[in-house]
Amino acid sequence: MNTTHDSRSEIQWVTQNHQLVPYSDAKISIMAPGLTFAVLVFEGYRAYWSDAQEDLQIFRLAEHMKRLEFSMSLLNLDHPPSTEALTDDILSTLRANEFRQDTYIRLQVYVDEWGSMLSTGPVGSSVICRPRPRVADFETGKKFVVSSWRRNADSATPPRIKASANYMNSRLAGLEAKRQGAGGAVLLNEDGTVSEGPGGCIFFLRDGVFVTPDGTSGILESVTRRTVLDIAGPLGIETAERTVDRTELYLAEEAFYCGTGQEIMPITAFDDKPVGDGEPGPLTRRLQARYDDVVRGNTDDHPKWRTPVYKV
Ligand SMILES: Cc1ncc(COP(=O)(O)O)c(C=O)c1O
């Protein structure tokens, strides 16, 4: 079963190895180490359409690129593509498709052709952009369950980088949660404290403070998580990054899941315990509204976070 909305019919052009090609012409070798041994790192970005600006704007491009550079450095590639070249690829792919709606961008860098798990080249790259509206769960929220799987550790396959190898762990947790009828999973790390979900970070409100597991809890250093920490203070909402025990989730007054794809999605229960009254909370709603204003440029604050696509 395909669980991602199929928008292939809306995509005319993708970029592979810095060349625009039709989607069906983009190819990867079946002997590619990127395929068999997961020698692949990637990024997911969103670009938001703004009626007021009459432009598409990529959110926090620089921060995603910085993370990608680190992810690539752990793959030890022969010639990693430069941030400038990859930025050009994203811009030219968006422009070639003439998207004028909210769009999700997936950029991948991998070892292609004929190779082994130790191959460091030849390096391939791809960019695909697809229309992607906001998820319905943004309004309603979802119930989460604590997974029986543990988060992959920094000493094994580091969760700090966005590597496809890490998503085996995410997949196991996500499928387990689905079998249990839940909307999402919480992964504990090897120490038994909370890390994150399969594809996003977790915040919960306790005694009026929004708490999120710290950077050494086994998380991807999420751009959305950073954004929430940045925008909460000026709204008068206190935040803390620290180690989080599982049972603290059961004391949550509000909670949400965050990531580029989900944005800020309320969590309405952890295991059998409702979060607050089981409905998305008022502070979560305020953060969602502010996030929306910031990503779309309905505010002049943080201009560097928005990269214009058509107006240069
Ligand atoms: C495992 C994991 N954690 C967190 C996130 C959220 O990261 P970001 O906000 O940078 O999209 C993602 C999504 O990319 C993810 O896959």
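Helices (H or I, at least four residues) and strands (E, at least two) are DSSP runs, numbered from the N terminus. This is a predicted model: local features need pLDDT of at least 70, side-chain atom pairs pLDDT 80 or more, while totals for chains, interfaces and linings use all residues. Residues are numbered from 1 along each chain as its sequence is written, and side-chain values use heavy atoms, without hydrogens and water.

Q: Between which strands is the loop that holds Pro122?
A: The peptide bond from Gly121 to Pro122 is cis, with omega near 0°. Most peptide bonds are trans. The loop with Pro122 runs between β5 (103-111) and β6 (123-131).

Q: Is His18 buried, partly exposed or exposed?
A: His18 sits in the loop between β1 (13-16) and β2 (19-22). Its phi is positive, about 70°, although His18 is not a glycine. Buried means under 20% relative accessible area, exposed over 50%, and partly exposed in between (1.4 Å probe, protein chains only). At 38%, His18 is therefore partly exposed.

Q: Is Glu54 buried or exposed?
A: Glu54 lies in the loop between β3 (40-50) and β4 (55-59). Its phi is also positive, near 50°. With a relative accessible area of 59%, Glu54 is exposed.

Q: How many disulfides does the structure hold?
A: A disulfide is a pair of cysteine sulfur atoms within 2.5 Å. The sulfur of Cys258 has its closest cysteine sulfur in Cys201, 5.4 Å away, too far for a bond. Cys258 is also buried, at 0% relative accessibility. The number of disulfides in the structure is zero.
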